[in-house]
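Please open the structure in the viewer and keep the selection panel at hand.

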Amino acid sequence: MAFSGALTLTDLNDYITPAQACIKPVEQTNRIEQDPGAASTQIHIDSSGSYYEVSTDTKSVATTVKKLEQAQISLNDCLACSGCITSAESVLITMQSHTEVLNFLSSNPSPLCSSHKSPVLSIAPQSLASLATSVSSTSSAPTTTLHQILRRVQAFCTSVLGFDHVFDTTFARHIVLLEHTQEFMERRSGDNSDGGKLPMLASACPGWVCYAEKTHSEMLPFISRTKSPQQVMGTLVKNWMGRNWGKKLSEIYHVTVMPCYDKKLEASRQDFYSELYSTRDVDCVITTGELELLMREKGWDLSIPVPGEEGEVSPSIYPSSPPPPLYPGSADLHPPRGGETFGLNGEEPPAHTSSAVQIPELLSHPGTSSGSYLHSIISALTLSHPFPLELSTRTVRGADYEEYVLTNPETGEVVFKGAKCYGFRNLQNVVRKVGREAGVQVGRGAAGRMVGGRVRKVGQKGGVNGVNGERERGYDYVEVMACPGGCVNGGGQLRPSVRAQVEKKTDEEGYERDWSGSGVKVGVGMDDGETNVQGYAGKWGDKDWTKKVESAYWHDLPTPPASPALESSEVKINGHGRSTREADRYAAIVLRDLCEPEILSGGEGLTWETHMGAIAEEKRRLHFRTQYRAVEGEVIGLAVKW
Ligand code: SF4
């Protein structure tokens, strides 16, 4: 496993606690080349953990001892390394690679064989933004859009690799936002039948979920049960699209391209495995960097346009009439009674299938580039409230930790308080705050230890006193992401490229530059197979680069406002405004097909808010929600230096 050149894993037999995983390497900045036979050198470690270089000159037998500086392991290294995962998890991750994808494709029998699997690929919008930024930075052409990159990735995957279908995951995210908002409203109304509590914490980031399961199990009741966009995409591809294609779950091989390695762990969770079909919703996850590597290995130049990439999104995406119901002879939205959901119970695909059904592309949800979870809840509350609400924001710690408060201006009542919290450092503050406000003892993970004796009295609702001595309102919702900057800065994204500067021959301000003459080492980190396998020399977390990826993500769309507009619930589709209702209508068709509701509200048709009856609601939970488990082990959290 090689996530980071800076760190090495040595013991994969058990839980890899930081003491085992993080080899703090000694750093020698002024190496003196010596005659190899002239001296022997050993590294000694004393009882305090200090490192010493002990050199013995073989001729004079003189010994010199020099204390060495310890290299610091930063949080960024840890996130890129994922060294605190278990050995079993590390195996699951290494089983998912671009080599694995190639092996599958080369061994997949012909479509005429019964054992053939249809290869399908889904790519996250943050991965498209990373690729677009990389292409734009190495080309003099105008900014490359997500739409263009999607078409080029589709062309590569279908014509070179042989994939049958390539989708982006934004429609899956639309469904996630609907279900996630529904879940929040349930908890807000006091319905905690699934054990969920307020404040609700976002669940789309497996880095955060994995951390909570291992070190803060007391946080699990607060984490939303809604599946992430990757896993809902798995449901869409294998259960819904599979039905339309007349294929069983096991007859589809689903690959996703994601901005981080943690998504590989997520796809490997037991809840997303079908015992019946011996298959997962997502069979293999590769990172953006691995997709780029795959393209380079196959000689595909992503900067070259492909036919049709400038065109509109296919008009068939939102057909004037919805896809036919998948139950022969049934009326629209009225499946036959007693019908079982295909795929969950092993029945055959319906005889009536459609290969023409597509899913909407490149839906853009205003808010954040990590999924707009907080914004979708703010929008839903605003739209459903009988009086206009006022939104105010407060920066707690930079752009990665902001609070959003909805107030009724007539009464001054705070209707909602939420936060966007990115990065492990902020996240640990939120864990402490939520624990304090909810009266929960924060566990003995990293945050628990850091809090130490400063834990306030627990078992008390409410929170700490505000500035003016008022009782401060606790959070109702927090959009939690493990990566600083969010998913555009995921550990699997592309890095800023030295090649980008060199090939452009101009600097950031457009002036021509002699890079070699300016001291830029042309070739370092580029295709040398050693410095960085992806050919990218930049460091993970580069803020300027992350800003560019963020900008590419919102290309053609209004930059997300710092405070989400209250009246805006508009979903943009491929840069062109379309009403949320269209996407909602299509989502309702998915709900209809997968959950087979027997009861429809007032005959007005199905919406995501409809309570569909016990059996259909159970199917909704199976398809769109998941669960978490505290991981028992000797994990002691991330003992890293911030
Ligand atoms: Fe992955 Fe980072 Fe996004 Fe979490 S925040 S889902 S770890 S890219």
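Which residues do ring pairs link into a cluster? They are Phe171, Trp240 and Tyr586. Rings of Phe, Tyr and Trp (its six-membered ring) pair if their centres lie within 6.5 Å; planes under 30 degrees apart count as stacked, over 60 as edge-to-face and the rest as tilted.

Before continuing, note that this is a predicted model, in which local features need pLDDT of at least 70 and side-chain atom pairs count only at pLDDT 80 or more, while totals for chains, interfaces and linings use all residues. Residues are numbered from 1 along each chain as its sequence is written, and side-chain values use heavy atoms, with hydrogens and water left out.

**Aromatic pairs**

The structure holds 10 aromatic pairs. Select Phe104 and Tyr253 to see a stacked pair, with 3.6 Å centre to centre and 15 degrees between the planes. Phe104 belongs to helix α4 (residues 98-107) and Tyr253 to strand β8, so this pair ties together parts that are 149 residues apart in sequence. Helices (H or I, at least four residues) and strands (E, at least two) are DSSP runs, numbered from the N terminus. Phe104 and Tyr253 are both buried; buried means under 20% relative accessible area, exposed over 50%, and partly exposed in between (1.4 Å probe, protein chains only).

Next, select Phe171 and Tyr586, whose rings are edge-to-face at 5.7 Å centre to centre and 80 degrees between the planes. This pair links distant parts of the chain, 415 residues apart: Phe171 is in helix α7 (residues 170-188) and Tyr586 in helix α17 (residues 580-595). Phe171 and Tyr586 are both buried.

**Strand β5**

Select residues 118-123, which form strand β5; six of its six residues are buried. Ser118, Val120 and Ser122 lie on one side, and Pro119, Leu121 and Ile123 on the other.

**An open sheet**

Now display the five strands of the open, mixed sheet, in the order β7-β16-β15-β14-β13. β7 (200-201) and β13 (390-395) stand at the edges with a single partner strand each, so one side of each has no neighbour in the sheet. β13 pairs with β14 (residues 401-407) in the antiparallel sense over six bridges, and Arg394 stands opposite Glu403 in β14.

**The loop at Gly474**

Select Gly474, in the loop between α14 (446-451) and β16 (477-481). Its relative accessibility is 19%, so Gly474 counts as buried. Leaving aside neighbours within four places in sequence, Gly474 is in contact (heavy atoms within 4.5 Å) with Lys417 and Glu437.

**The ligand and the cysteines**

Finally, select the residues around the ligand (a heavy atom within 4 Å): Cys205, Pro206, Cys260, Asp262, Met481, Ala482, Cys483, Cys487 and Gly490. Cys483 has 13% relative accessibility and counts as buried. Elsewhere, Cys113 is partly exposed at 38%. The count of disulfides (a pair of cysteine sulfur atoms within 2.5 Å) is zero.

Notes. Two strands pair if DSSP finds at least two bridges between them.
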